[in-house]
Amino acid sequence: MEESCKNVYITTPIYYVNDVAHIGHAYTTIIADMLARYSRLTGLNTFLLTGTDEHGQKISQSAELRGKTAKEYADEISGKFRALWDDFDITYDKFIRTTDEEHKLGVQKAFQTMFDKGDIYKGEYEGFYCVSCETFFTEKQLVDEQFCPDCGRPTSIVKEESYFFKLSKYEDKLIKWYEENEDCILPRAKKNEISNFVKGGLRDLSISRTSFDWGVKLPDSMNEPKHVMYVWLDALMNYITALGYGTDDKNMNFWPANVQLVGKDILRFHAIYWPAFLMSLDLPLPKHIAAHGWWTRDGEKMSKSKGNVVDPKLVADAYGLDAFRYFMLREVPFGQDGDFSQKALIDRINSDLGNDLGNLLNRISGMSGKYFDYKVSSVDVEKFHAKELAEIDAILGNVEAYIFNMQINRYLEDLWKVLTIANKAINDYEPWNLMKDGKSDEAMALVALITNIMAKVALLLDSVMPEKISLIAQSLGIKIDTATYNSLIKNKNLIPDTVITKVDQLFPRIEEVLLEQPASSDITKSECEMKNEKTKEVSVEDDNLITIDQFFQTTLKIGTIVEAEEVPKSAKLLKLQVDLGEGRNRQILAGIKEYYSAEELVGTQACVVANLKPAKLMGMISEGMLMAARDENGLSLLRPQAPKKSGTKIS
């Protein structure tokens, strides 16, 4: 980032409220948060935007299938996104919703501006429309003359009156922008794809609909009450309406955006439609539009039907948020597809975080405590370790270039090179022998060298793992702030004399997976599944039916909860000791902390599935399952109407 740049604006896509957040949403948002935290640390005035996209026919249909209004449904899913980002401590400056009144006013202003310029005209559209993608396609683009080329779902022929944006007018200007700005789209290979697509010719874009009404209305001056704006025109404008465009303009000094993060599936909208709209509005174009890849699960594409969609909250609760953040940022080069597996995550935690980072802090604490009563002085570091300092400064002087070129995995790789220098120095210089030989000044210089390396790396890792780095900073006696960054990183200084404080082990070793069951989210059913449920006739051949013998293979009993406590670091789990009349208590882990406190459960009874194979959750054995029912009003345990003897069978 150029030093002259005082303002930094970073955006995630606004997430469509047709389902709850999955690992792909978390990946984008964690990257954005990392960029924002790093920018703030270096002293830049930073604005991070995220939010939800809530209009369009798909949302209207999803809400109807669930017996809700579109606004009620949007409120529910948007609330879940915001709650997750808050739980993940995402440092957003604004969470925008396209149902916000200020946003609607800004979109209407943009429409009016483009219309007055002559870039919008009225006509009629007939084409193949995919409701799921909210996109029109030509007949040549369809698969087997019917199916959407992007999502594979059937399209329908739509013919309606529409307003059009003169996208074709901006074809040459877009190509010029791509050619003159090498990194306007990252990775660069993606820019070549987009440029070649535009060179193939652009058609004018239909930007209004009359077949449904869940969207932003056209400006009153248009006198077109039947029309609502195309969801992508509405959604893309959020990046400037969030800054006050169309209302107070109070934060428009942050525009243009430095980095706009998107998934590769929506790059075309952001790299063609969005800059064309901005050109029409006479606004500067973003500096970087960065498209990341998709995540698979254990080598397989994630899908709701397979039940292998990764719930980021479950993973973060089990393994720790900072470890999850590090894994997501380190595991795959930006732009490439990545694969999530618990084994890969555990390997990163045990090797990178436990052995390399956490163990180095332990060595600092151990050496300083054993030899110098935890006191560390940097006075002789340059005298004895000029070579190591030069190597470190050379590496750290180049890492920032990786950040805004979206090479975050390389940024982290270089930080680990510095940690390797530290661990190697301990082995090479052997402080225990230096002390034995009476060379305490050299031993102190070595301990101080390692302490300084850890301090510098900690500063640069704060944006990746803020919680753990705060503990490292506490141990080293440093502050994570801009002044310390300028001193240790920018000016290559060493820390002044300090006293080391012992902290608990940062990354305890993990021997086996902590989530026995797939880390899948409690996701909503797809529209297709819900439609099928509404129309399906129940028959005796239905695969979901079981025989009476199969039913009696399940053992259900009344259990009395004799002890209950919260599971540390888990937002959902309670650890229960349950009496099932067996002469000993069963330990059962139940994900009900959102609905019940540990105290209120003690002495109560519940229905228990008693013959489940024991499972391990967060390293603890669970020997059964409580039965519960959940609807829109919450979750309730199933209980006997009157107290029963512990272990009473349910039939």
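Where does serine 463 lie? Serine 463 sits in the loop between helices α18 and α19 (466–476), where helices are DSSP runs of H or I with at least four residues, numbered from the N terminus. This is a predicted model, in which local features need pLDDT of at least 70, side-chain atom pairs count only at pLDDT 80 or more, and totals for chains, interfaces and linings use all residues. Residues are numbered from 1 along each chain as its sequence is written, and side-chain values use heavy atoms, leaving out hydrogens and water.

**Serine 463**
- Serine 463 has 2% relative accessibility, so it counts as buried (under 20% relative accessible area, with a 1.4 Å probe and protein chains only).
- Leaving aside neighbours within four places in sequence, serine 463 is in contact with Met34, Arg37, Tyr38 and Arg325 (contact means heavy atoms within 4.5 Å).
- Arginine 37 is 426 residues away from serine 463 in sequence, yet their C-alpha atoms are 5.0 Å apart.

**Helix α18**
- Helix α18 (residues 440–461) has 22 residues and reaches 31 Å from its first C-alpha to its last, close to the 32 Å expected at 1.5 Å a residue (1.5 Å times one less than the number of residues).
- Most of α18 is covered, with 19 of its 22 residues buried.

**Helix α16**
- The end C-alpha atoms of α16 are 32 Å apart, which agrees with the 32 Å that its 22 residues should span at 1.5 Å a residue.
- After α16 comes glutamate 430, whose phi is positive, near 45°.

Definitions and conventions
Helices (H or I, at least four residues) and strands (E, at least two) are DSSP runs, numbered from the N terminus. Buried means under 20% relative accessible area, exposed over 50%, partly exposed in between (1.4 Å probe, protein chains only).
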